[in-house]
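Subject: Model for your files

Hello,

Here is the structure you asked about, followed by notes on what was found in it. Please keep both together.

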Amino acid sequence: MAKRFQFRKDLITPNQPFAYQLREREENEISMLDGAVFYGEDSVVIKHAKEDFYDYLNVCFGVKENGKNPVTIKIEITQAGLEDVCDYKGRIVEIADGQIEIRAYDERGVAQAIYDLEDTMTAKKQPYLTKGKTKNKPVFSPRMVHSAYDMDVYPRGYLQRLAKEGIDAIILFVRGVNEVSTGYCDINAVIDLAEEYGIDTYAYSWASVFYSPEAEDA
């Protein structure tokens, strides 16, 4: 029987194990069972995506550390050669034997490319990635949400989960200076934390205002 508020623990746990039966790797696939080594561009947003990728391999497939032949994942932020995805979060991923190349328009595109790799393995329920080239970019932006954890509350783990799902904006109901719907909130701290995961913050005014903007005492 589920405990009360168990959903909150789930929301702040970005990666959760699932049942799977390991099969033989196909000829057109590469295995991630020996882990991965990242090279190239780095930032706080990319760092969180890398950390999540390692956690994903550990939690879902038991890859606790890199083996003898880890896959090389090369990262480059560039506008060259991105074709029709040369835009916000646009990315191209090329997978070959022992190597993955990620070229993205920006750091958020890099992070989303890494999450795409996780999504692919989750869909297969296997630690394998198919060789070849894929490209992607958001259909629209922003994708904004209220907090499902608690109104105007965004813990670090929950932000990581939102980023993995492609959400790029959160909403705060602002009642006043450092005040949201639930009371005191260091709004700048929330904005800074969300930015670490490539997420913007939108403020909805919930303040009671009884003055015309043109009034002398407004």
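In what follows, buried means under 20% relative accessible area, exposed means over 50%, and partly exposed lies in between (1.4 Å probe, protein chains only). Helices (H or I, at least four residues) and strands (E, at least two) are DSSP runs, numbered from the N terminus.

The model is predicted: local features need pLDDT of at least 70, side-chain atom pairs count only at pLDDT 80 or more, and totals for chains, interfaces and linings use all residues. Residues are numbered from 1 along each chain as its sequence is written, and side-chain values use heavy atoms, with hydrogens and water left out.

Strand E9

Six of the eight residues of E9 are buried, so this strand is largely enclosed by the rest of the structure. Two strands count as paired if DSSP finds at least two bridges between them. E9 pairs with strand E8 (residues 144-145) in the parallel sense, over two bridges, and valine 145 has isoleucine 170 in E9 as its bridge partner. From E8 the chain crosses through H4 to E9 in a right-handed β-α-β crossover; right-handed here means that, with the strands pointing away from the viewer, the path from the first strand over the helix to the second runs clockwise.

E9 also pairs with E12, in the parallel sense and over six bridges. Phenylalanine 173 is partnered there by tyrosine 204 of E12. E9 and E10 form a hairpin with two residues between them, and asparagine 178 in the turn has a positive phi of about 50°.

Helix H5

Helix H5 (residues 187-196) has Ile187, Val190, Leu193 and Ala194 as its buried residues. Seen down the axis of H5, they fall within an arc of 125°, so they line one face of the helix; the arc is that of the directions from the helix axis to the C-beta atoms. Asn188 and Asp192, on the other side of H5, are exposed. The buried residues of H5 pack against helix H4 (156-164) and strands E9 (169-176), E10 (179-180) and E12 (200-205), where contact means heavy atoms within 4.5 Å.

Alanine 148

Alanine 148 sits in the loop between E8 and H4. At 45% relative accessibility, alanine 148 counts as partly exposed. Not counting residues up to four places away in sequence, alanine 148 touches Phe7, Leu11 and Tyr158.

Regards
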